[in-house]
Amino acid sequence: MGNRKTTDGGGSKSGKPWWKRWSRDDTELFLLSLPTLLWFLTFSYLPMFGIIIAFKNYKLQQGGHGFIYNLLHSEWAGFGNFSYFFTSNSFTMLLRNTILYNIAFIIISASVAVGGALMLSSMRNKKGSKVYQTMMFLPYFMSWVVVSYFVYALLTPERGYINGIITSLGGERIMWYQEPKYWPFILIFLNTWKGMGYGMVLYLASITGIDPSLYEAAVMDGATKRQQAKHITLPAIKPVFIMMLILDCGKIFNSDFGLFYQVTGRIPASLYTTVSTFDTYIYNAIQSTAPIGQTAAASFFQAICSCGTILFANWVVSKLDNENRII
Amino acid sequence: MAKEESGQSLNQIKQSTNIVFNIVFLILAVMCVIPLLFVFSISITDEEALRVSGYQLIPAQFSGSAYKFLWNERGMILRAAFMSVLVTILGTIIAIALDTSMGYVVSRRNFKLKKLYTWLIFIPMVFNGGMLASYVVVNNILGLSNTIWALILPLACSSFSVTICRTFFRTTVPDSIIESAKIDGAGQFRIWSQIVMPISKPVIATIGMFAAFGYWNDWFQASLYIQDKNLQTLQSLLNNIQKNIEYIANNPYGGLSLQQYKASMPTESVRMAIAIVIIVPIACTYPFFQKYFISGLTIGSVKE
């Protein structure tokens, strides 16, 4: 940093190293940022050293010392914790579930949001469109615990609304919470349902920000509705679309924990292989007596993969279209 | 305005398509709202009627007993509601202070550590230590379990909201105001608290809303760190009831006779009534706030 060329104002002389140019202003700004700086160091950076846990066989040491002491004095495990996780029965299942669900979520949510925004923007009754938007926004503000109550009201086998409808039409009751085959659809539906309003309004905001004279010019030149959408509307929402896509790719190894855990009723055994993801696996491991090193290995693997995918997605975007990369 | 309208009218569709769109959105909108109605109607149905005929949209037999039960148990509900409100208010204030102060500092072009800070804020966006490491930090190293701080601090700040603040300050607060305040002898803390904050209400509202809804809806932190019944929020109360019911369902006769179990568990209508208690404050307020959630993302996505 010492010989960084500076174009800053404030009468700095680029010949001097930065600590000699340090002013009273900098001290004040540093003090102002100190609480947040400490927050980042504690809650964002300290956990990054959690990587050490994954390489240790954590054991409580004699003498009632604190966690860090115990950790540092535990044996090294090499990659033992990782190989345990990679060779466990769950690993491929977790990897498959996490990635496939996320891919389905990304594709479906993005299409619904963009499609919905295009439809909303072209509606004639603006008042009505506002009312629909507000109503569709509601699920976004519900926690998954509350949503799990909604789902319970619909699906609980004996009393639920859906089985009520099925039986009144002469069908057989379905034991929803024990039938894995329905859950991929239920989860994808709920994920779309919860995020739909937000996505549509987000894209709609960038559509309404388009300069209307562009459409006027297009109409003058005889462009059809379809051509207008293709050449004006879609390019205008591209930056937001790509930003959302990169962010979503960064989350491809993560899962919305509440969706998988709460809505399924804490993952009953019958649904275990259908709805488990890395997050539910790690959460259950934290709550259980599983060795902390193995859990840390799973957790760390997930973090590394997330980092890799977000950088990769950004790299792909920067190759295709350098304007829109986010990093 | 006139220009905008002409643009809109050019972009309009045929009447028949408009009707189709209206029907589609009507269905979607109803789908988003109707679960609330389901839950509400269960909460006002008589427990015996639920047992006989299952859930029905229009209750076979009305009963206010669930709400009466909540009223009798208001000690528990009010305590949880108080915790929810306390965590939400305290957390939101702390979040606003942390986000805007850092956002302001990194928005200052002359700050010598600006580059370092920009990286410091950026790295957590792409990499984090994972759920377990965060748990270890809060639980084992800081020892915050079973304190209100375990609910507040881990959610108090984020790279995302700091970036929103930074972008806002950089694009809307003119340097000249800050320079002239400096000439008048104001320190940076005073400039931030008395000059920048009062003219930054939109961004404060945006990040404040994100924080407030995040805290109000949080059950995850509580489920990891809070065992103390006195510290449970409404969300964790709801979560714990469901957890206990599922535990008993999965471990029949786990030390309890069926009679005891029935007596100790809130009835279904009571559980749904608690859900309603959580939903109503949000459902009544979100229409006024939803625009801030969108402006957050649109501000945040503006690049320099």
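These questions and answers go through some terms used for this predicted model.

Reader: Why is B:G129 called buried?

Author: A residue counts as buried if 20 or more other C-beta atoms lie within 10 Å of its own. B:G129 has 25 other C-beta atoms within 10 Å, so B:G129 is buried.

Reader: Where in chain B is B:G129 found?

Author: B:G129 is in the loop between α6 (114–126) and α7 (130–141) of chain B.

Reader: What is B:G129 in contact with, leaving aside its neighbours within four places in sequence?

Author: Contact requires C-beta atoms, placed from the backbone, within 7 Å. B:G129 meets this with A:P47, A:M48, A:G50 and A:A303 of chain A, and with B:S134 of chain B.

Reader: What makes up the side of chain A that touches chain B?

Author: The contact takes 85 residues from chain A and 82 residues from chain B. Helix α1 (residues 24–45) of chain A gives the largest share of the chain A side, 14 residues. By class, that side has 53 nonpolar, 21 polar and 11 charged residues.

Reader: Which residues make the contact of α6(A) with α9(A)?

Author: From α6(A) come A:Q133, A:M136 and A:F137, and from α9(A) come A:M196, A:G197, A:Y198, A:M200 and A:V201. By class they divide into 6 nonpolar, 2 polar and no charged.

Reader: Which residues have the most contacts inside the largest nonpolar core?

Author: They are A:V146, A:A153, A:M200, A:Y203, B:V39 and B:A275, in a core of 148 residues. Helix α5 (residues 74–107) of chain B supplies the largest share of this core, 11 residues. At least three residues come from each of domain 1 (14–63) and domain 2 (75–304) of chain B.

Reader: How many helices and strands does chain B have?

Author: Chain B has 16 helices and 0 strands. Of its 304 residues, 39% count as buried.

Definitions and conventions:
Residues numbered from 1 in each chain as written. Chains lettered and ligands numbered in written order. Predicted model: local features only at pLDDT ≥ 70, side-chain atom pairs only at ≥ 80, totals over all residues. Contact = placed C-beta atoms within 7 Å. Helix = DSSP H or I, 4+ residues; strand = E, 2+ residues; numbered from the N terminus. Nonpolar A, V, L, I, M, F, W, Y, C, P; charged D, E, K, R; others polar. Core = buried A, V, L, I, M, F, W, Y, C linked by C-beta atoms within 7 Å. Buried ≥ 20, exposed ≤ 12 C-beta atoms within 10 Å, placed from the backbone. Domains from an automatic or database assignment.
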